[in-house]
Amino acid sequence: MAKRNNEHISISDALKEFVETNKLEKGLNKVNVADAWANLMGNGVNNYTTAVNLERDTLYIQLNSSVLREELSYGKEKIIKMLNEELGKEIIKKLILR
């Protein structure tokens with residue numbers, strides 16, 4: 001049985017500790033990146049987005065519009081910067097639009 005900890009800690013600290021001990025951060029990052037993409041890009045881009053995948057430090061975005069893909073490719077660095085700011089840490093280093 002696990003040892004009981006008698007100190008009082010906040011829920012956010014307890015959740016952080018739980019995530020760290022169970023190595024859940026990678027999975028949470030994938031979910032958070034998908035949410036950040038949806039929030040930052042808005043409905044116009046989300047209607048053409050078919051998949052958002054994070055693998056290591058590379059974000060793969062699958063779009064069903066070649067015109068939109070070309071337009072977004074001009075601002076890759078800005079998109080990466082905006083997503084990392086939204087997430088609060090530097091998770092994404094490379095963006096690949098498919």
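**Exercise 1.** What radius of gyration does the protein chain have, and what would a compact globule of 98 residues have?

*Solution.* Start with the ground rules: this is a predicted model, in which local features need pLDDT of at least 70, side-chain atom pairs count only at pLDDT 80 or more, and totals for chains, interfaces and linings use all residues. Residues are numbered from 1 along each chain as its sequence is written, and side-chain values use heavy atoms, with hydrogens and water left out.

Next, take the radius over C-alpha atoms, with 2.2 Å times the number of residues to the power 0.38 as the globule rule. A compact globule of 98 residues would come out near 13 Å, but the protein chain has 17 Å. Then look at the box that the C-alpha atoms fill along the principal axes: roughly 60 × 25 × 20 Å.

**Exercise 2.** Which strands does E2 pair with, and in which sense?

*Solution.* Pairing requires at least two DSSP bridges between two strands. Begin with E1 (residues 49–55), which is antiparallel to E2 over 6 bridges; here Leu-54 stands opposite Leu-59. The hairpin they form has 2 residues between the strands, and Arg-56 in the turn shows a positive phi of about 55°. Now turn to E3 (residues 94–97), which runs parallel to E2 with 4 bridges, Leu-97 being the bridge partner of Ile-61.
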